[in-house]
Amino acid sequence: MTQDKDAGLALIQQLWGQIPPLAQDPSPLIAETVEHLFGNVWQRHNLTVLDRSFVTVAILIALNREAELRLHLAGARRLGHSDERLEELILHTAYYAGWPCAISALRIIRELQNATGESQ
C-alpha cells in the first residue's frame, strides 16, 4: 500500500469512524479516489481537513447530491462542525444554489439528529 493510500484510509476512518467496504473495493476508480482525493488533496496544507469538510458540504448542497451529502454531513459533524454552523451553511447556500437544495440538506441534518437522538 502506498503512503497516500494509507493516509487516505486514515482520513476516511477519521471522517466516518470506519472504513466502509466501498473504500476497500479493488476497483482502480475507488483505489485512485482513496489515494488521490483523500490521501493527497484532502491532506494539502493551505486548507485544514475541517475547512475541506465544510467546502465539500457546501458543494454537495449546491449540486443537490443527497447520498454523498448524507455521508459528508455525518463526517462534518464527526469532525466537530456543530449543527448550528452546518445549518448556517445551508441557509447561506440556499441563496446561491436555491431553496430546494437547501431544504434537502436540512432534511438530512434532521435525519442525522434523529438518528443520534439529538434535539433540533
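Student: What does H72 touch, not counting residues up to four places away in sequence?
Tutor: H72 touches W16, F38, W42, S53, T56, V57 and L60. Touching here is contact, meaning heavy atoms within 4.5 Å. Before going further: this is a predicted model, where local features need pLDDT of at least 70, side-chain atom pairs count only at pLDDT 80 or more, and totals for chains, interfaces and linings use all residues. Residues are numbered from 1 along each chain as its sequence is written, and side-chain values use heavy atoms, with hydrogens and water left out.

Student: Where is H72 found?
Tutor: In helix 4, residues 66-79. Helices (H or I, at least four residues) and strands (E, at least two) are DSSP runs, numbered from the N terminus.

Student: Is H72 buried or exposed?
Tutor: H72 counts as buried because its relative accessibility is 10%. The cut-offs are under 20% relative accessible area for buried, over 50% for exposed, and partly exposed in between, with a 1.4 Å probe and protein chains only.

Student: How many aromatic pairs does the structure hold?
Tutor: The structure holds 3. One of them is W16 with F38, an edge-to-face pair at 5.9 Å centre to centre and 75° between the planes. That pair links distant parts of the chain, with W16 in helix 1 (residues 3-16) and F38 in helix 2 (residues 28-38), 22 residues apart. Both W16 and F38 are buried.
Tutor: Y95 and W99 also form an edge-to-face pair, 5.3 Å centre to centre with 75° between the planes.

Student: And how accessible is Y95?
Tutor: Y95 has a relative accessible area of 60%, so it is exposed. W99 is partly exposed, because its relative accessible area is 41%.

Student: Back to helix 1. What about I12, buried or exposed?
Tutor: I12 lies in helix 1 and has 3% relative accessibility, so it counts as buried. Leaving aside neighbours within four places in sequence, I12 is in contact with G17, Q18, I19, P20, A23, V34 and F38. The C-alpha atoms of I12 and G39 are separated by 9.1 Å, and these residues are 27 apart along the chain.

Student: What is Q14 in contact with, leaving aside its neighbours within four places in sequence?
Tutor: R78 and L79. Q14 is also in helix 1, but it counts as partly exposed because its relative accessibility is 43%.

Student: Changing topic: which residue has a positive phi although it is not a glycine?
Tutor: N64, with a phi of about 55°. N64 lies in the loop between helix 3 (49-63) and helix 4, and at 34% relative accessibility N64 counts as partly exposed.

Student: How far apart are the C-alpha atoms of L63 and E35?
Tutor: They are separated by 24 Å, and the residues are 28 apart along the chain. L63 is found in helix 3 and counts as partly exposed, because its relative accessibility is 44%.

Student: Now the whole chain. How many helices and strands are there?
Tutor: There are 6 helices and 0 strands, so the elements run α-α-α-α-α-α from the N terminus on.

Student: What share of the residues is buried?
Tutor: Buried residues make up 35% of the 120. Of the contacts with a separation of 6 or more, 60% are between residues 24 or more positions apart.

How values were computed. Phe/Tyr/Trp six-rings, centres within 6.5 Å; stacked < 30°, edge-to-face > 60°.
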